[in-house]
Amino acid sequence: VGIVTYNEAPKAHAYLDSFQDRTEAQQFIKLLPYRGGGSNTGAALRFTLESVFKGRGSREDVQKVAIVVTDSKSQDSVKEAVAELHWFPVRVFAIGVNEKTPDLYDMASYPTNRHVFAVDNFMQLKPLRKVMQKSICSSIIQGSVNSFKNSADIKEGGNRLTLFTAKVTEKLDHIRIGLVKYSNSARFEFDRISLLDVSKALNYVNHEGGRTNTGRALTFMERHFKTVPYSQGSTYLIVITAGESEDSIRGPAEKIRAIGVENANKTELLIMAGNNQSNVFYVDKFDQLETLYKQISGVICKIYSCLSTSQPKLITIDEGGNVD
């Protein structure tokens, strides 16, 4: 057991090799001070990963579990920090006291209904103990065997996606391309670069673990298209996903071309493609993406021939859910 408390700054009180047995840990916990202050949860998560889970006493063959207890919304971003925790991988339980903030769902592992808990006050933490013990034990049993096998799957799937992206774009010319990855949240790897720079940029793309919040990624792209000025013509988005979305995808789904891999939800693909079946492509495995790129390139080229030569394209690659 390791223990970290935080307000504006985190502090480690115990590392994973600090205690010899349960009794020693419980005696120490009774003496822990409670400090007031701010709530920089993101900084605390990043500190815990580096100083505790990657620090003293950490063992590679043991599943990592983090229990985050907070009574307020974080004053800094938790999304990037928790993505690193999930990738390591660490299973995260989030407990909210007094307030059930969106941060809890950003932090918690999937499925969130098994990893998010909320109580009205600190006194209610005590009866929550048995529920937490059962949930944690169950997650350890389910996850201990598969956690590290999945890391190899992430790398293999990521390599296939990168190769596919390079193949699809290599025959296009005089356009600009952006790449967005998403799992819990979405972020740009690069935006509006020339084709000459795409192959080089793809070499620096890392594929990480996380969930499949396709709806959030689509909203991210919709806002980007609205706020960033583009040249004349239309803007097109290719969505590659390997899992059913954990949030709603209805909304910013106009002019979207969807490619499904493995466990993708075909109904969701059709919704994203504006109910245009010709804009939906599906393969059973990642290695079959290589057989699709010529077909995709042909469709894109038909669209591209009607566009301005300076028209940007954006490609979104899913790194969440069953991809990872």
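Glu50 counts as partly exposed because its relative accessibility is 42%, where buried means under 20% relative accessible area, exposed over 50% and partly exposed in between (1.4 Å probe, protein chains only). Glu50 forms a salt bridge with Lys54, with the closest N and O atoms 3.4 Å apart; the term denotes a side-chain nitrogen of Lys or Arg within 4 Å of a carboxyl oxygen of Asp or Glu. Lys54 is likewise partly exposed, at 44%. The model is predicted: local features need pLDDT of at least 70, side-chain atom pairs count only at pLDDT 80 or more, and totals for chains, interfaces and linings use all residues. Residues are numbered from 1 along each chain as its sequence is written, and side-chain values use heavy atoms, without hydrogens and water.

The salt bridges number four. In one of them, the side chains of Asp106 and Arg216 meet at 3.2 Å, N to O. This pair links helix α4 to helix α8 (residues 214–227), 110 residues apart; helices (H or I, at least four residues) and strands (E, at least two) are DSSP runs, numbered from the N terminus. Asp106 is buried at 8% relative accessibility, whereas Arg216 is partly exposed at 29%.

Three strands form an open sheet in the order β3-β4-β5, with parallel pairing; two strands pair if DSSP finds at least two bridges between them. β3 (64–70) and β5 (116–119) stand at the edges, each with a single partner strand, so one side of each lacks a neighbour in the sheet. Seven bridges join β3 to β4 (residues 90–97), and Val92 in β4 is the bridge partner of Ala66. Four bridges join β4 to β5, where Val119 is the bridge partner of Val97.
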